[in-house]
Amino acid sequence: LWVSINATNCSDGVDGLCGTLTCVTLTFIGLWGIETGMDSSMLAAILLMIVSILPYLWRNAEPCQMMMGDAGSRAFGLFIGLAILKTGNMLLYFPLCAVLFLDGFLGIVKVSLARFLKIRIMKNIRTPLHDHFRKNKGWSNGQTVMRFAIVQTMISLVLLLLPR
């Protein structure tokens with residue numbers, strides 16, 4: 001849960017990014033849950049969370065008229081973590097939340113290694129990754145959100161199509 005909460009919080013830096021990735025992630029957690037027999041109350045909660053994020057995304061699209069802040073992004077991370085726990089397979093977090101995890105958690109790892117162990121890694125990569133692509137690669141905010149969502153969707157689709 002700690003990883004999920006903090007990775008999601010760190011990914012909240014571009015208008016619409018955290019909410020969009022949360023919707024994509026929850027959609028695939030729900031699809032996984034349908035296939036594996038997750039209880040209907042959790043599936044309903046996932047659907048309700050997605051439906052409640054959509055009006056927020058309407059107002060959060062660039063240029064945003066409403067910001068989420070730490071309370072919202074951490075709540076999204078907590079909900080994702082709890083939904084993953086309800087699947088019965090905690091390792092699903094890594095493929096179903098790959099972009100959120102890499103975007104948010106690489107920065108935590110990079111800073112922690114530098115601060116506590118004096119190990120400098122990823123010197124040429126700005127973290128969180130959405131900043132790297134926006135500032136170093138010249139992507140617009142909209143391109144970043146859309147491309148991150150596409151990558152997460154493709155990873156999740158591959159996971160769902162794999163035989164179990």
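Predicted model: local features only at pLDDT ≥ 70, side-chain atom pairs only at ≥ 80, totals over all residues.
## Burial, pairing and packing in a helical chain

Asp131 is buried, because its relative accessible area is 15%, and a residue counts as buried when this value is under 20%.

**Two charged pairs**

Side chains of opposite charge can pair when their charged atoms come close. Arg134 and Asp131 are three residues apart in helix α7, and therefore about one helical turn separates them. An α-helix has 3.6 residues a turn, so residues three or four places apart point the same way.

How many salt bridges does the count come to? The count comes to two, and besides the pair in α7 there is a salt bridge between the side chains of Asp39 and Lys86, at 3.8 Å from N to O. Asp39 lies in the loop between α2 and α3, whereas Lys86 belongs to helix α4, so this pair ties together parts that are 47 residues apart in sequence. Asp39 is partly exposed, with a relative accessibility of 33%, and Lys86 is also partly exposed, with a relative accessible area of 45%.

Arg134 has a further link, because its side chain is joined to that of Asn141 by a polar contact of 2.8 Å, a distance within the 3.5 Å cut-off for such a contact. Asn141 is found in helix α8, which covers residues 141-161, and, when residues up to four places away in sequence are not counted, Asn141 touches Val14, Glu62 and Arg134.

**Helix α6 and its surroundings**

Helix α6, made of residues 98-117, bends by about 35° at Phe105. Phe105 is itself buried, and other buried residues of this helix include Ala98, Leu100, Gly104, Ile108 and Ala114. Against which helices do the buried residues of α6 pack? They pack against α1, α2, α4, α5, α7 and α8. The helix is followed by Lys118, whose phi is positive, near 60°.

**Two residues and their contacts**

Ala83 lies in helix α4 and counts as buried because its relative accessibility is 0%. Leaving aside neighbours within four places in sequence, Ala83 is in contact with Leu26, Ile29, Met38, Met42 and Ile46. Asp12, by contrast, lies in the loop between α1 and α2 and is partly exposed, with a relative accessible area of 25%. With its neighbours within four places again left aside, Asp12 is in contact with Cys18, Met68, Gly69 and Ser73.

Each of these two residues can also be paired with a residue elsewhere in the chain, as the table shows.

| Pair | Separation in sequence | C-alpha to C-alpha distance |
|---|---|---|
| Asp12 and Leu100 | 88 residues | 9.6 Å |
| Ala83 and Ala45 | 38 residues | 9.0 Å |

**A nonpolar patch on the surface**

Leu1, Leu78, Leu82, Leu85 and Met90 form a nonpolar patch on the surface, and together they have about 450 Å² of accessible area. Leu78, one of these residues, lies in helix α4, which runs over residues 69-87. Leu78 counts as partly exposed because its relative accessibility is 35%, and a residue needs over 30% to be taken into a patch.

Definitions and conventions:
Residues numbered from 1 in each chain as written. Heavy atoms only, no water. Patch = residues over 30% accessible without salt bridge, like charges linked within 9 Å, V, L, I, M, F, W, Y side chains within 5 Å. Areas by Shrake-Rupley, 256 points an atom, 1.4 Å probe, with all protein chains shown as cover. Salt bridge = Lys/Arg side-chain N within 4 Å of Asp/Glu carboxyl O. Helix = DSSP H or I, 4+ residues; strand = E, 2+ residues; numbered from the N terminus. Buried < 20%, exposed > 50% of the residue type's maximum accessible area, 1.4 Å probe, protein only. Polar contact = N/O pair within 3.5 Å; in protein donor to acceptor, adjacent residues only side chain to side chain. Contact = heavy atoms within 4.5 Å. Bend = angle between axes of the 7 residues up to and from the residue.
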